[in-house]
Amino acid sequence: LATVIFFVSGAQSFQTAREHACVPSPPPIVTPVEKPSKSRPQVTADVFTPELVCNYDPKKFNPRGVYYILGSKPKGFRDFHSLQLAVDHVRPSGDADIQTYSDYRHFIGLVTSRTVKLISIPASEEDFEYSFEGTFLKSGVLSDADSNEAVLRGRLIKSKGGVKLAECEVSFRVEYLGC
């Protein structure tokens, strides 16, 4: 027996060929399905809320701060200004952002007491995308580090439309964020 699948008013109805042939029924209402667009959907703050998952004990570790590349900026990252972890002092929660000299965008990702993995969410097809995966080099309150001390090291990637434009290993220093 063959199985026939009908999409009737948005619901699936499974009937065997014999049942369909033996029981008179009105013809199904067929709703055409549009072919998906090849262009990427535009993501807006109303549609997607970036999320940072924090998995650490805030009594033992506090990565809150603004992170700046140590030394001169690598080729392809001249527009990069800073990475910001605006995490709570009491609960393991918060936001992550990247700031370039012309833009500011949110990251989604994961922060633990040892590692950080972040991906930026482009607002349009013209925007650059950034991702970072790295390791914290210190523990405790990171913003207590010396002003030129590396506290985070990892791989920073810049892409556009899924095409990698620049990639490099970077070290970050941190400054305290907030009051």
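Student: Why is Cys54 called buried?
Tutor: Cys54 has 11% relative accessibility, and buried means under 20% relative accessible area, with exposed over 50% and partly exposed in between (1.4 Å probe, protein chains only). Cys54 therefore counts as buried. Cys168, at 12%, counts as buried too. A word on the source: this is a predicted model, where local features need pLDDT of at least 70 and side-chain atom pairs count only at pLDDT 80 or more, while totals for chains, interfaces and linings use all residues. Residues are numbered from 1 along each chain as its sequence is written, and side-chain values use heavy atoms, with hydrogens and water left out.

Student: How many disulfides does the rule give?
Tutor: The count is zero, a disulfide being a pair of cysteine sulfur atoms within 2.5 Å.

Student: What makes Glu133 and Lys117 a salt bridge?
Tutor: The closest N and O atoms are 3.9 Å apart. The rule asks for a side-chain nitrogen of Lys or Arg within 4 Å of a carboxyl oxygen of Asp or Glu, so the pair qualifies. Glu133 sits in strand β10 (residues 129-136) and Lys117 in strand β9 (residues 115-120), 16 residues apart; strands here are DSSP runs of E, at least two residues, numbered from the N terminus.

Student: What about Glu167 and Lys164, which salt bridge distance do they have?
Tutor: Their closest N and O atoms are 2.7 Å apart. Through shared partners, salt bridges join Arg155, Lys164, Glu167 and Glu169 into one network. The structure holds nine salt bridges.

Student: Why are Phe132 and Phe172 called edge-to-face?
Tutor: Rings of Phe, Tyr and Trp (its six-membered ring) pair if their centres lie within 6.5 Å; planes under 30 degrees apart count as stacked, over 60 as edge-to-face and the rest as tilted. Phe132 and Phe172 are 5.4 Å centre to centre with 85 degrees between the planes, so the label is edge-to-face. Phe132 lies in strand β10 and Phe172 in strand β13 (residues 163-175), so the pair ties together parts 40 residues apart in sequence.

Student: How do you know that Lys158 sits over the ring of Phe128?
Tutor: Lys158 lies over the face of Phe128 at 4.2 Å from the ring centre. The rule wants NZ of Lys or CZ of Arg within 6 Å of the ring centre and within 35 degrees of the ring normal. Lys160 also has its charged end over the ring of Phe128, 5.2 Å from the centre.

Key:
Helix = DSSP H or I, 4+ residues; strand = E, 2+ residues; numbered from the N terminus.
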